[in-house]
Amino acid sequence: MKQVLIIGSGISGMACAVRCARQGVHVTLVSPFPSERSQSVMAAGGINAVTASHEAGDSVASHIEDTLKGGCYIGGERAVTGLCGHGEEILRMLEGIGTVFSIDKQGRPLHRAFGGQSHKRTYYCGASTGKQIVSALVMEARRFEAAGLIRRRLWCCFHSALLHDGVCHGALLYDETQNRLEAVCADAVVMATGGQNALFGKTTGSTQCDGYAAGRLFMQGAVLKNLEFIQYHPTTLETPQKRMLISEAARGEGGRLHYEEDGQRVYFMEEKFGPKGNLMTRDVVAREIHAAKRPVYLDISFLGKQVIDERLSEVRDLCMKYRGISVHSQPIPVEPSVHFFMGGLAVHLNHETNLRNLFAVGECASMYHGANRLGGNSLLAAIYSGHVAADEIAGRDSDGRHPDFSGELARETALLQKRQSADSPFPVMYIRDMLGESMQKHMGIVRNEASLDEGIRDVEYYLSVAGRIRYDSSVMPYFNYSLTGILTLARATLECAKSRRESRGAHYRSDYPNTDEACQSATLIARAGDGYRVWLDKERAYES
């Protein structure tokens, strides 16, 4: 009887869990909060697929080419072909478990245009596609929970992998209800922990997705990939707490970007790129807004009340709620913000890492998006990657035997207890805030070597004191033990950005502004002793 441990219960984690359960695999689904609080619910825009009702001229081949082109051709063709080729199957599966997609008056599915796509192929559920999919997967998972095939463990956090001779046998979990570490063995472990938002402080995403798991696994020998490719979403709204995403759907429905000059509106994207300028890929739009060096606005008022209320209600509501802006009559002030991470754990086509029986799915795995993700491909990749990993796990034999990890459990427990008497005057949240400021400054839309070196020095200092950081009783214990892993991932990210001496997709170097075709490969990074080894994956040892 196979036992699988899935860390993270957003869309990718649940998709993997349900697929495993359907094949008789027993799953323990671990997360600090219920699925309804996962970052996945924030995905508003839609999911890409080419179906039987596709727009005239569209095809799976076109979707593949758009995805590869959008990623600046460092995404692996085999991986992208699998992703795009399963779009309709995934859409039908979602409908079958209760996801309600928007339709027109004749009952035909609606799809909209997203940036970088040659055709309209983004299906959506009003303004809440992510919420709809999460709700449907939660209900499907409950069926298998009732059958004893899925067990949920809430209020638990990943601490580290249980490794022996390069094979993963489970994980150490921190149980917040018991205030203790626990060793949980499994035949396979699937990481579904999302991106690295906490590295950058205020972003569009959830701070639950902090990158700790990737950083800790990197420290344990996992290879990371493409960390320099960080997508800045071009249209976000500033609020005191975070950056609120103004969905690309607003531009997909016809919204126009502009700034004002001499009392006149300048539609700068259309002037430079033509009628479809507002739907260039996100990296291009974000750089153009950054280069404008003045306030930029997104206007959807001319679309009319009916279109806004029916198709962009979430944009309407958040603008009014957080800034008092009526989008029916006022333009929206927008700025780029960190939004998505193309880089993460390096995985093979089956979503297994370089550590046997350790898999990664969703945003924490670097796989399909290359140097820049197309809008609408993230939900597709989250579900598809979960299915690929589940099928691989279900097809493997297992004898259910695991080494004794009681010694490792005792050592890690002792380290956590020692942290409580550390001598630094700085609380852990102070260092995390300082890290966010440094990464925003040095890993911004435009980078250069001098700035990246400064960022590396910042992180090296934070790492030098991390072991002495005062235990902060005002936050969850997880925040205390996760600091070193987060800082380690930040250092690796800066090293990747420094090593790629060209500009490609979401990685723009002012000191190397041109694209170098010799660098048309994924960037891999591994730890060598206490150092960092960065190289280009020209042999495609890891399919991206």
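The charged end of Arg294 is placed over the ring of Tyr259, 4.3 Å from the ring centre. A charge is taken to sit over a ring if NZ of Lys or CZ of Arg is within 6 Å of the ring centre and within 35 degrees of the ring normal. Arg533 likewise lies over the face of Trp535, at 4.2 Å from the ring centre. The model is predicted: local features need pLDDT of at least 70 and side-chain atom pairs count only at pLDDT 80 or more, while totals for chains, interfaces and linings use all residues. Residues are numbered from 1 along each chain as its sequence is written, and side-chain values use heavy atoms, with hydrogens and water left out.

The structure holds 11 aromatic pairs. In one of these, the ring centres of Tyr478 and Tyr481 are 5.3 Å apart and the planes stand at 85°, so the pair is edge-to-face. Rings of Phe, Tyr and Trp (its six-membered ring) pair if their centres lie within 6.5 Å; planes under 30 degrees apart count as stacked, over 60 as edge-to-face and the rest as tilted. Both tyrosines belong to helix α16 (residues 477-481), three residues apart, about one turn of the helix. Helices (H or I, at least four residues) and strands (E, at least two) are DSSP runs, numbered from the N terminus. Tyr478 is buried at 11% relative accessible area, and Tyr481 is buried at 10%. Buried means under 20% relative accessible area, exposed over 50%, and partly exposed in between (1.4 Å probe, protein chains only). Ring pairs join Phe158, Tyr174, Tyr212, Tyr478 and Tyr481 into a cluster.
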